[in-house]
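Colleague: I would like a close look at one part of this model, with its surroundings described in some detail. Please give the cut-offs behind each term as you go.

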Amino acid sequence: MRTKADAREIVERLKKAYPLAECSLEYENAWQLLVSVRLSAQCTDARVNIVTAELFGRYPTLEALAGAGVPAIEAIVKPCGLGASKARDIDGMCNMLINEFGGQVPKEMDELLRLPGIGRKSANLIRGDIFGLPAVVADTHCIRMANRLGFVVNCTDPVKVEKELVRVLPPEESNDYCHRCVLHGRVVCTARKAHCDQCCLQDICRTGKKTLPKGDA
């Protein structure tokens, strides 16, 4: 497995390759990011941004969206796929925020996980991007790169990947590291093929180099 020194080197190289690390979902506040994250399941961020432009334009406040009703929400979010379940979750989420959290998005993991449709990946994104807390968002890009880089071996369990990355990543870099994994995973370390000849991590990556760095198991 990778050491903390390995992780620091990987972080620094990705920072140099991708100086700007930010979420590709478009939002103005915490509750909008929650909604966007729920819509992003099995949907591209680009499509979500198109849909939320209409959704937030029609329902610009948390209270307005909470009062919209599931059918009205579903009619707008249907292009994101899984429209019925996503609409139910968004309706439940907005009403829970108002009724149980005073209209504020909570920052504690256990409270975020109580919200309909919010799992650890989404909760970590909120904790990192909204509250600036150390957070590992174990999405498909992060999991794929964790395996190829040797943070984990043949592991697709997001909780296990998150746990291993938390162990070695500098806490203050963890959230931005995951955003950079998305950027790198979309253009270089893609799911279909790893373009190792274009990769800033080729010499220290298990995929790009047959001989592992000394000390790696």
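Leaving aside its neighbours within four places in sequence, which residues is C205 in contact with?

Modeller: Once neighbours within four places in sequence are set aside, C205 is in contact with R2, R148 and L149, contact meaning heavy atoms within 4.5 Å. Before going further, please note that this is a predicted model, in which local features need pLDDT of at least 70 and side-chain atom pairs count only at pLDDT 80 or more, while totals for chains, interfaces and linings use all residues. Residues are numbered from 1 along each chain as its sequence is written, and side-chain values use heavy atoms, with hydrogens and water left out.

C205 is found in the segment after α11, helices being DSSP runs of H or I with at least four residues, and strands runs of E with at least two, numbered from the N terminus. With a relative accessible area of 9%, C205 is buried, a class that means under 20%, whereas exposed means over 50% and partly exposed lies in between, for a 1.4 Å probe and protein chains only.

C205 is also one of the residues that UniProt lists, in an unreviewed entry, under "binding site", together with C189, C196 and C199; such positions are given in the numbering used here, with shortened feature names, and the annotations may be inferred rather than shown by experiment. Although these residues span 17 residues in sequence, no two of their C-alpha atoms are more than 10.8 Å apart, so they gather at one spot. The lining of the largest cavity includes C189, C196, C199 and C205, where a cavity is a set of points, on a 1 Å grid over the protein atoms alone, at which a 1.4 Å probe fits but cannot get out, and lining residues have an atom within 4 Å of a point. C196, like C205, lies in the segment after α11.

As for the cysteines in general, the structure holds 0 disulfides, a disulfide being a pair of cysteine sulfur atoms within 2.5 Å. C23, for instance, is in no disulfide, and the nearest cysteine sulfur, that of C178, is 12 Å away; C23 is buried at a relative accessible area of 16%. The sulfur of C80 is 4.0 Å from the closest cysteine sulfur, in C43, which is too far for a bond, and C80 counts as buried at 3% relative accessibility.

Not counting residues up to four places away in sequence, H179 touches A21, E22, C23, L125 and D129, and at 8% relative accessibility H179 counts as buried.

Helix α11 (residues 174-187) also carries Y177, while F151 lies in the loop between α9 (140-149) and α10 (158-168), 26 residues apart from Y177. Both F151 and Y177 are buried. Their rings form an aromatic pair that is edge-to-face, at 6.3 Å centre to centre and 80 degrees between the planes; rings of Phe, Tyr and Trp (its six-membered ring) pair if their centres lie within 6.5 Å, and planes under 30 degrees apart count as stacked, over 60 as edge-to-face and the rest as tilted.

Finally, α11 is among the elements that cover the buried residues of α3, the others including α2, α4 (62-66) and α5 (70-77). In α3, the buried residues are D45, V48, N49, V51, T52, L55 and F56.

Note on methods: 1 Å grid on protein atoms, 1.4 Å probe; cavity = no way out; pocket = protein on both sides within 12 Å on 5 of 7 lines; lining within 4 Å.
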